[in-house]
Amino acid sequence: MQTISLNSSWKFRKLPSLTLDRLPDALPDGAWEDVALPHTWYSDDDPYQGLAVYERTIAVDAAWQKVFLSFDGADQRCRVYVNGHFAGEHHGGYARFRLPIPAPAMGDDAWRVRVFLENSVNEDIAPSFGDFTVFGGLYRNVDLLVCSQSHFDYCYYGTDGLIARAWVGDAGEGLLDVEPHAVCAGEGGRIAYTLADGDGKVVCCTEAGTGEARRMVVDSPILWDGVKSAYLYTLSADLIVNGKVVDHTAVRTGFRRVELSGEDGLRLNGRPCQIRGVAKHQDRAGTYSATTPSDIREDFSIIREMGANGVRLSHYQHPQPAYDCCDELGLLCWAEIPMLKMTESPALMENATQQLTELILQNIHHPSIFCWGIQNEIAMFRDAPFMHNNCRRLHQLVKSLDGHRLSTAANLYPLKASSKLNEITDMIGYNLYFGWYYGEMPDFGPWLDRFHAVRGQLPLGISEYGVDANLALHSEAPAVKDYSEEYQALWHETVYPQIEARTWLWGSFVWNMFDFSSTRRNEGGQRFINAKGLVTHDRRTRKDAFYYYKARWSEEPFVRLCSKRFANRAQAQIDVKCYTNQPSVKLVVNGQPFGEAQTENGTAVFRQVPLVPGDNAIQAIAGDCADSALWRRVSEPDAGYRLPNEEAGGAVRNWFLEEDDMRREGFFSIQNTAQELLDNPGARSVLERFVPGLVRVMTERSVIPLGLALKSILSRDADETLDVKALNEALNHIPDTDE
């Protein structure tokens with residue numbers, strides 16, 4: 001098979017007056033733009049949602065026998081024509097797919113390829129909802145695959161026709177189950193397999209018919225062992241017809257054993273290995289989703305610099321270089337499909353099934369992937385029996401395609417431990433935001449302990465946790481919702497030790513490694529950005545919280561002075577904090593030694609450090625490492641460090657009751673989720689009395705996430721005539737007996 005890149009020489013235009021379902025025979029007049037791939041039409045100034053078209057001409061070689069168009073990703077509903085002939089379509093913006101050149105076009109001297117793409121919200125294609133941008137475009141590579149009449153089946157769910165399932169047997173042997181998919185023009189085709197180790201030495205070989213599966217055995221394999229030793233083997237396959245090799249393909253793979261339990265957490269090859277992970281989206285500033293392999297490698301270099309040993313590639317299938325990086329760097333990977341809003345639509349479930357099949361079969365050979373995610377926060381809208389049934393179908397699909405990996409799902413905090421959504425997958429993650437959207441920072445530990453007491457046998461971890469930070473905002477007294485860099489750092493310092501201490505957790509993923517694009521957002525002084533990243537959207541700046549985790553996870557010696565961007569200080573004395581993985585830090589202020597502080601939780605703090613008027617040179621020294629900052633003492637606090645009309649200090653608008661006034665133990669309150677209140681006849685009758693219009697909207701239309709607390713829902717559109725205190729008191733008389 002020959003691969004020819006088609007990334008250059010495209011023409012592009014938007015078609016706002018058309019839809020994919022109503023394409024005319026001829027395009028309306030309009031100007032074309034010359035573009036190269038990868039390409040997205042999205043920009044923050046023009047977040048266009050609609051139809052667009054790409055066009056390119058390909059010169060044809062008369063010797064070509066079988067030819068396929070290969071798309072690494074097309075966002076998100078795609079239809080392709082070659083010389084006016086329909087080649088095929090694909091629904092879903094994140095998986096690779098291939099389409100054959102239509103037979104009527106094979107005899108032509110040139111091919112005009114037209115790719116129509118639509119990124120409008122479509123309730124039958126996942127995702128139809130989410131806190132991230134659906135960009136649109138041919139934002140990954142497009143290639144031409146040229147084959148002989150006999151070839152591996154490149155249209156089999158976008159794979160290369162070779163499914164490799166590697167696992168470790170009971171006796172410690174490496175087992176590799178090989179499932180081929182090939183197209184043979186004649187009879188008698190064979191496939192020759194070789195498995196080579198990391199040095200290229202063949203350790204196993206076999207041969208089989210084109211429709212026969214084979215098991216290859218390595219008696220004493222070198223295990224893929226995470227960041228300790230990311231050892232990889234290479235499986236090669238030659239398709240042989242009439243004694244001649246007519247096609248070749250290869251994948252890298254590895255052998256490892258992953259075990260989880262509710263009491264012991266995660267074990268990798270028999271040893272305890274709590275995941276210290278981060279989650280990431282694929283986009284970055286400027287190029288958005290149209291990233292390159294070098295961009296992806298940079299991302300993973302930053303992740304390993306921080307010392308993480310795991311990554312959640314959320315909330316969709318990522319490009320192949322991302323999974324390759326996980327394999328090579330030893331990062332345990334959670335891979336998932338974009339199921340974020342589950343409805344009763346059969347078409348949506350069909351699309352989810354397709355995307356899950358593509359995700360698994362295209363990536364099953366990667367040893368870094370230890371679990372397949374089937375949903376994220378679907379109970380945000382409701383927790384309904386049809387969801388349980390659909391999730392069981394997706395779980396069963398995981399098991400039928402890959403019996404050696406775990407199924408998983410990410411649920412949100414309001415979903416009770418007793419929910420059936422916690423009984424379907426092999427493991428569960430919870431997305432928790434105490435101290436940001438609800439509750440207080442110290443609530444993590446008690447909540448986890450209560451959940452574990454109820455669901456002790458369920459392997460539990462934290463699939464998301466984090467808070468937003470705008471690097472322009474700073475505070476000497478950081479508080480929730482001030483969006484300061486200092487609050488984000490304090491939050492992670494406080495939260496992570498609670499996670500780490502509970503060794504029965506399989507691990508956690510910081511939300512998020514990098515700021516990412518979300519057209520839904522306009523908060524914290526930034527538009528279209530979810531700013532929970534430890535690193536900025538352009539990857540240029542590591543926030544202070546990044547260095548906290550580096551201090552806890554990395555073995556590379558370093559020291560970092562915190563709040564270096566908080567340059568203008570109005571106080572005569574300040575506390576100075578450092579992050580380091582060294583045992584102690586010495587501080588030098590304006591050339592004079594100030595003292596030495598011991599390190600605890602990756603942090604060394606110096607209290608009441610004096611600042612003179614004007615510039616102050618500060619230096620931190622830890623072993624052979626040093627860092628410096630220049631702080632300027634000013635007469636008045638710098639107003640630029642705070643948001644205008646800031647209401648920091650509370651997770652919701654200030655017209656609500658105090659926390660202690662809301663709750664009555666054992667009874668409902670506005671702290672309960674809308675779903676919980678609607679499911680209880682007594683609580684629902686209270687809602688129908690106080691907010692009948694809201695009840696109608698919540699029950700008749702899927703526009704309000706019912707997994708949110710009623711308090712949060714009410715805060716989004718405050719009704720000044722509503723007596724919130726009276727509503728809460730009425731709910732406080734309805735017993736809440738469902739634990």
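Contact means heavy atoms within 4.5 Å. Helices (H or I, at least four residues) and strands (E, at least two) are DSSP runs, numbered from the N terminus. This is a predicted model, in which local features need pLDDT of at least 70, side-chain atom pairs count only at pLDDT 80 or more, and totals for chains, interfaces and linings use all residues. Residues are numbered from 1 along each chain as its sequence is written, and side-chain values use heavy atoms, with hydrogens and water left out.

**View 1. Helix 10 meets helix 13.** On the side of helix 10, the contact uses Ala683, Val686, Leu687, Arg689 and Phe690. By class, that gives eight nonpolar, no polar and one charged residues. (Ala, Val, Leu, Ile, Met, Phe, Trp, Tyr, Cys and Pro count as nonpolar, Asp, Glu, Lys and Arg as charged, and the others, Gly among them, as polar.) Helix 10 spans residues 681-690 and helix 13 spans residues 724-731. Their axes lie 9 Å apart, at an angle of about 160 degrees. Helix 10 is therefore roughly antiparallel to helix 13. (Axes are lines fitted to C-alpha atoms, for helices over the stretch in contact, and angles run from 0 to 180 degrees between N-to-C directions. Under 35 degrees counts as roughly parallel, over 145 as roughly antiparallel, 65 to 115 as roughly perpendicular and the rest as oblique.)

**View 2. Helix 7 is mostly covered.** This helix runs over residues 544-553, and nine of its ten residues are buried. (Buried means under 20% relative accessible area, exposed over 50%, partly exposed in between, with a 1.4 Å probe and protein chains only.) Among the buried residues of helix 7 are Phe546, Tyr549 and Trp553.

**View 3. Helix 1 crosses helix 7 at roughly 55 degrees.** Helix 1 covers residues 293-306, and the two axes come within 7 Å. The angle makes helix 1 oblique to helix 7. Ile302, Glu305 and Met306 of helix 1 meet Phe546, Tyr549, Lys550 and Trp553 of helix 7. The contact has five nonpolar, no polar and two charged residues.

**View 4. Helix 6 packs against helix 7.** Helix 6 covers residues 485-500. The axes are 8 Å apart, with an angle of about 30 degrees. Helix 6 and helix 7 are therefore roughly parallel. Contact residues in helix 6 include Ala489, His492 and Tyr496. Those in helix 7 include Ala545, Tyr548 and Arg552. In total, the contact divides into seven nonpolar, two polar and five charged residues.

**View 5. Met513 sits in the largest nonpolar core.** (A nonpolar core is a set of buried Ala, Val, Leu, Ile, Met, Phe, Trp, Tyr and Cys residues joined through side-chain atoms within 4.5 Å.) This core has 121 residues. Leu266, Phe300, Phe370, Tyr465 and Met513 touch the most other members. Not counting residues up to four places away in sequence, Met513 touches residues including Ile302, Met306 and Phe546. A second, separate core of 31 residues includes Trp41, Tyr48, Cys78 and Phe97.

**View 6. Thr292 lies in a loop between strand 23 and helix 1.** Strand 23 covers 275-280. Thr292 is partly exposed, because its relative accessibility is 27%. Thr292 and Leu37 are 255 residues apart in sequence and 9.7 Å apart in space, C-alpha to C-alpha.

**View 7. Val634 lies in the loop between strand 40 and helix 8.** At 25% relative accessibility, Val634 is partly exposed. Leaving aside neighbours within four places in sequence, Val634 contacts Asn568, Arg569 and Ala570.
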